[in-house]
Amino acid sequence: MSTTETVTKPAPTLSVLEKAPAGGFNGKDKLENPPQVQVNGTTKSGKRLNIRSYPKFDKLEDERLYRKQHLAAAFRVFADRGFDEGVAGHISVRDPILTDHFWLNPLSTHFSLIKVSDLILCDEDGNVVEGNEPVNGAAFAIHSQIHKARPDVHAACHAHSVHGKAFSVFGRELEMITQDACRFYKSHGVYRDFRGVVLDSEEGRRISKALGNGKAVILQNHGLLTVGNTVDEAAFWFLSLERTCQAQLLADAASVAGYKKILIDDDEAEYTSLQVGGPEKGWLAFQPYYDEQLAKTKGDFLN
């Protein structure tokens with residue numbers, strides 16, 4: 001298969017909520033394990049409509065290509081939203097064949113220009129296995145330790161986005177003030193030990209510890225980092241976390257004028273997190289951004 005060929009496979013159907021009760025939900029109606037995709041998925045004739053989901057692959061080589069294509073797309077999406085800053089920022093995805101290796105962006109290629117053929121494969125010791133460019137030292141120090149500590153994590157994203165940096169200076173967790181914030185309910189931590197550019201594996205281990213079993217960590221005086229089972233999921237959590245930080249900053253600023261913030265209580269936040277914060281939902285939420293890049297670039301990033 002050509003490395004520029006887009007992998008397309010039939011996607012299995014996700015568990016979906018076909019229809020809410022006529023009178024809506026109340027506390028007694030809540031499902032113990034609510035579906036991650038709430039959709040009207042049946043036609044008038046009774047035909048069920050499939051929801052996109054992560055493909056199943058017959059060959060690991062096909063999955064490797066798929067992961068690399070979606071990694072390249074994630075960089076383009078980040079560039080469009082201004083998450084680039086010089087050579088700072090990196091996204092990694094675990095290789096499905098050499099599972100202690102991961103793919104990264106080359107050090108000095110702008111996010112908006114990254115293609116599949118530009119991606120660099122590193123081993124767990126930081127050696128470049130495939131590619132002709134160096135990688136960011138901080139990228140290896142952080143990502144290698146996260147991939148080691150979390151076998152469930154196949155991708156990680158870090159960038160110096162403006163609102164993430166601004167919120168990080170407070171060294172605190174997000175408040176549950178919006179539905180979107182609930183994606184990170186008890187699923188994000190704060191790393192408060194800022195020591196400049198992360199270059200040693202020990203600090204990478206401390207960041208991984210602050211992340212815990214969550215999907216995100218706020219790096220005090222630094223920025224944001226998100227993880228996921230897929231690069232699509234990790235990238236969408238980053239997009240959402242950046243906007244959630246922006247909403248938090250705006251709400252905090254408005255509260256100075258005397259407006260009272262109304263927080264979502266723990267029970268509602270926990271339940272909502274099951275609806276909006278699952279891995280399948282994260283993967284699905286990134287697909288419109290992937291489609292946008294295909295249309296805008298005419299598939300240039302696939303080369």
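I started with Cys122, which is buried at a relative accessible area of 0%. I then looked up Cys157, and Cys157 is buried too, with a relative accessible area of 0%. I noted that this is a predicted model. How many disulfides does the structure hold? I found zero.

**Overall make-up**

I went through the secondary structure of the chain and found seven helices and 10 strands. I checked burial next: buried residues account for 49% of the 303 residues in the chain. I also looked at contact range. Of the contacts between residues at least 6 apart in sequence, 69% join residues at least 24 apart.

**Helices α1 and α5**

I took helix α1 (residues 60–80) and helix α5 (residues 231–255) as a pair. Their axes are 9 Å apart, and the packing angle is about 15°. That is under 35 degrees, so α1 counts as roughly parallel to α5. I recorded the crossing of α1 and α5 as right-handed.

Which residues of α1 and α5 meet? From α1 I listed Tyr66, Arg67, His70, Leu71, Ala74, Val77 and Phe78. From α5 I listed Val231, Asp232, Ala235, Phe238 and Leu239. Sorted by class, this contact has nine nonpolar, one polar and two charged residues.

**Helices α2 and α4**

I turned to helix α2 (residues 137–149) and helix α4 (residues 201–211). Their axes come within 8 Å and cross at roughly 55°. The angle makes α2 oblique to α4. I recorded this crossing as right-handed.

On the α2 side, I found Ala141, Ile142, Gln145, Ile146 and Ala149 making the contact. On the α4 side, I found Ser201, Gly204, Arg205, Ile207, Ser208 and Leu211. By class, I noted six nonpolar, four polar and one charged residues where α2 meets α4.

Gly171 sits in the loop between α3 and β8. Is Gly171 buried or exposed? I have Gly171 as buried, with a relative accessible area of 8%. Leaving out residues up to four places away in sequence, I found Gly171 touching Val190, Arg192 and Gln220. I checked the spacing to Arg192 as well. Gly171 and Arg192 are 21 residues apart in sequence, yet their C-alpha atoms are 6.1 Å apart in space.

Lys186 is placed in the loop between α3 and β8. I have Lys186 as exposed, at 72% relative accessibility. I looked at the backbone of Lys186 and found phi near 50°, a positive value in a residue other than glycine. I flagged it because most residues other than glycine have a negative phi.

Ser187 is in the loop between α3 (162–168) and β8 (188–191). I have Ser187 as buried, with a relative accessible area of 12%. What does Ser187 contact, leaving aside its neighbours within four places in sequence? I found Gly214, Lys215 and Ala216.

**Asn221**

I found another positive phi at Asn221, about 60°, although Asn221 is not a glycine. I placed Asn221 in the loop between β9 (216–219) and β10 (223–228). With a relative accessible area of 40%, Asn221 counts as partly exposed.

Methods:
Residues numbered from 1 in each chain as written. Predicted model: local features only at pLDDT ≥ 70, side-chain atom pairs only at ≥ 80, totals over all residues. Heavy atoms only, no water. Axes fitted to C-alpha atoms, helices over the stretch in contact; angles between N-to-C directions. Helix = DSSP H or I, 4+ residues; strand = E, 2+ residues; numbered from the N terminus. Parallel < 35°, antiparallel > 145°, perpendicular 65-115°, else oblique. Left-handed = near helix turned anticlockwise from the far one by under 90°. Contact = heavy atoms within 4.5 Å. Nonpolar A, V, L, I, M, F, W, Y, C, P; charged D, E, K, R; others polar. Disulfide = S-S within 2.5 Å. Buried < 20%, exposed > 50% of the residue type's maximum accessible area, 1.4 Å probe, protein only.
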